Amino acid sequence: MSSQIDHLLNESRQFPPSPEFVAQSIDDPALYERAAADREGFWADQSRELLHWHKPFTEVLDWTNPPFAKWFGDGELNVAYNCLDRHVEAGIGDRVAIHWEGEPGDSRSITYAELTDEVKRTANVLADLGVGQGDRVAIYLPMIPEAVISMLAVARLGAIHSVVFGGFSADSLRSRIDDAGAKVVITADGGYRKGRVSALKPAVDQSLADRNGEGEQQTVEHVLVVKRGGNDVEWTEGRDIWWHDVVPAASAEHEAQAFGSENPLFILYTSGTTGKPKGILHTSGGYLTQAAYTHKYVFDLHPETDVYWCTADIGWITGHSYVTYGPLANGATQLMYEGTPDAPHPGRWWELIQKYGVTILYTAPTAIRSFMKIGRQVPNQFDLSTLRLLGSVGEPINPEAWMWYREVIGGGQAPIVDTWWQTETGGIMVSPLPGITAAKPGSAQVPLPGISIDVVDEQGNEVESGNGGLLAITKPWPAMLRGVWGDPERFKETYWEKFEEQGFYFAGDGARLDEDGDLWLLGRVDDVMNVSGHRLSTAEIESSLVAHEATAEAAVVGASDETTGQAVVAFVILKESFLAEHTPEGLATQLRTWVGEQIGPIARPRDVYIVGELPKTRSGKIMRRLLRDVAEGREVGDTTTLADTAVMSIISAQVK
Ligand code: WT7
């Protein structure tokens, strides 16, 4: 990492795309002009251009009953047909849709024609099991092609999938199956993770067992099981069915029926500020339009030549929009990888990029920082020269990680798109367009053409540039959530009540506009601290801490403080090389001073705790709520959504 890298607040560097990149890019400034002149007309154009409508729509947006939107409401389409059949009919059936690599090194390349056949067979199997329009199917699978095949087979039937991340426990699965009232569960015996088979089927068995309590209805009639891990599984006759017994034997003839644009496509659960996960509901035409549009322009997609890789699991919205729907609607070739980045060796990702000639990589800052921690000597052993574009998603990317990503992974050349969006938005909302925007490390920059976003104060008034505020989406967008499954009140309360008067969507994120009109995301507002009346962002202080040469990773929380309202408390993982040469106490003092110097005395952490690990959800998000409990000397709250539930007791012990 170059030592001259500055802190986020002083960040003023700009990286315009190279002339070569611009020359080949499909990004066109006319997109912004057209969208500004006629927003709805713009979306209608995108939808007609990017999708096949069995019955063309005549109405673009119906916003007569806010916040319940209808996009392309009188049109009809089939989502799976759009991702599959039409590409085969257009003569690109021989193009590889998915290069799949299993963790142990087995691999499969599946063409669009083959994928179409597989989905048709699977749709026939599901239809035989009684799945039809509107029925819910839970999908609990590892990152294997059958995950994508299952999603598309459900979509093809006009049914609704609810993908549950394979890392979730039986309890989480159970509550999701019950909330959605799933009729069928699709799972696997197990999948490969960190060099061994991790079982999945037992969690399904457990989630379906012991249903005697009140309100515990058993809605699941069948469990369709893919054989992947080869591990022993229990079998419930009559309920459980092996995928390999029924799918290959099923007919590959299946004509896709058209469904209304607002036909529900999927439910995806995400945690809110309260304990109970919310089932975010997405529908068909608008969602697919925005998934395809953003995938095409944000990633400057050249489907004939690009090999695209989004490292997200299918269990998250990123996997839905940027592994399944966006890339396949666009006829792209992509890589899908089953396992963890460090199995069987720490260079596995880079080896895969070299092997498949990946040109576009879309991943998360947390992954980048963990690679930084290991050091550049690992990626340097591989040929990454095919990479021409890099993407980031999930949290603000600190400029240090941004620079490392660009220099070490992107060869100092590749544009980086920092994409801001949410499970609820369905698709990317804020991002540079790589062929147009001069990138700024750490800023997600500008709303995409067709998206309207403002930074506002608590009352919904626009704030002046330079000041912090709340990110509000001021106009409905095609891929917006249509509700919270079974809970319309929660939908209204969570997202629309705050700016009810203006009719804005409240995203829950703090943001700031700079003088150039670029957006800086400041983290969730519940992570924004107020210290002596000054607004401080956890993200800003973390970025400063990570900019110190000794720091590998950092998490900051605002802990209540008698004098200052809140005080900054930092939890820091140090690089091993530094721990060998310094005492933790010495480094903690250095880091306090460092942050004070970098941002200002107000930001200087009251406490810096040197820890061995941070509490993360399975998707890699740091659970600051738990750290706040430690910082405030409380008993640590609910840890069930942590990837490793033992982490908190270790941290508590280290802090004492
Ligand atoms: C929250 C949404 C979007 C798919 C993955 C996460 C944060 C996301 C960025 C970014 C700063 C970001 C926000 C947002 N976030 N991307 N590029 N810069 N913050 O989806 O689990 O629904 O989380 O992630 O806080 O609200 P999610």
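The model is predicted: local features need pLDDT of at least 70, side-chain atom pairs count only at pLDDT 80 or more, and totals for chains, interfaces and linings use all residues. Residues are numbered from 1 along each chain as its sequence is written. Helices (H or I, at least four residues) and strands (E, at least two) are DSSP runs, numbered from the N terminus.

**Ligand shell and annotated site**

- The unreviewed UniProt entry lists a "binding site" of Gly394, Glu395, Pro396, Asp418, Thr419, Trp420, Trp421, Gln422, Thr423, Asp509, Arg524 and Arg535. UniProt positions follow the numbering used here, feature names are shortened, and annotations may be inferred rather than shown by experiment.
- Of the 19 residues around the ligand, Pro396, Trp420, Gln422, Thr423 and Leu521 come nearest. A residue is near a molecule or strand if its C-beta atom, placed from the backbone, lies within 6 Å of it.
- Helix H12 (317–329), E20, strand E24 (505–513) and strand E25 (519–524) are the elements that give two or more residues to this shell.
- E24 contributes the most, with three residues.
- By type, the shell holds eight nonpolar, seven polar and four charged residues. Here Ala, Val, Leu, Ile, Met, Phe, Trp, Tyr, Cys and Pro count as nonpolar, Asp, Glu, Lys and Arg as charged, and the others, Gly among them, as polar.

**Two listed loop residues**

- Gly394 sits in the loop between strand E19 (389–393) and helix H15 (399–409).
- Gly394 counts as partly exposed because it has 19 C-beta neighbours inside 10 Å. The scale runs as follows: buried means 20 or more other C-beta atoms within 10 Å of the residue's own, exposed means 12 or fewer, and partly exposed lies in between, with C-beta atoms placed from the backbone.
- Beyond neighbours within four places in sequence, Gly394 is in contact with Ala364 and Pro365. Contact means that the C-beta atoms of two residues, placed from the backbone, lie within 7 Å.
- Trp420 is in the loop between strand E20 (416–419) and strand E21 (453–456).
- Trp420 is buried, with 26 other C-beta atoms within 10 Å.
- Leaving aside neighbours within four places in sequence, Trp420 contacts Met429, Val430, Ser431, Ala444 and Leu521.

**Seven-stranded sheet**

- This open sheet runs E5-E4-E17-E16-E18-E19-E20, with mixed pairing. Two strands pair if DSSP finds at least two bridges between them.
- Strand E5 (107–111) and E20 are the edges; each has a single partner strand, so one side of each is left without a neighbour in the sheet.
- Neighbouring strands are turned by 20° against each other on average, direction ignored. Axes are lines fitted to C-alpha atoms, for helices over the stretch in contact, and angles run from 0 to 180 degrees between N-to-C directions.
- Strand E16 (residues 307–310) pairs with strand E18 (residues 360–363) in the parallel sense over three bridges. Tyr308 has Ile360 in E18 as its bridge partner.
- Helix H7 (residues 145–156) packs on the sheet and touches strand E4 (96–101), E5 and strand E17 (333–337). The direction of H7 makes about 140° with that of E4.
- E19 and E20 pair in the parallel sense over four bridges, and Val393 stands opposite Thr419 in E20.
- Both faces of E20 are covered: Ile416 and Asp418 are buried on one side, Val417 and Thr419 on the other.
- In a regular strand the side chains alternate between the two faces of the sheet.

**Four-stranded sheet**

- The strand order of this open sheet is E21-E22-E24-E25, with antiparallel pairing.
- E21 and E25 stand at the edges, each with a single partner strand, so one side of each lacks a neighbour in the sheet.
- The twist averages 45° from one strand to the next.
- E24 and E25 pair in the antiparallel sense over four bridges. Arg512 stands opposite Trp520 in E25.

**Other points**

- Gly466 lies in the loop between E21 and strand E22 (468–473). Gly466 is exposed, with 9 other C-beta atoms within 10 Å.
- Gly466 touches Asp514 and Glu515, not counting residues up to four places away in sequence. The C-alpha atoms of Gly466 and Asp514 are separated by 5.1 Å, though 48 residues apart along the chain.
- Thr311 is in the loop between E16 and H12. Thr311 is buried, with 22 other C-beta atoms within 10 Å.
- Helix H17 (residues 538–547) is mostly covered, with 10 of its 10 residues buried.
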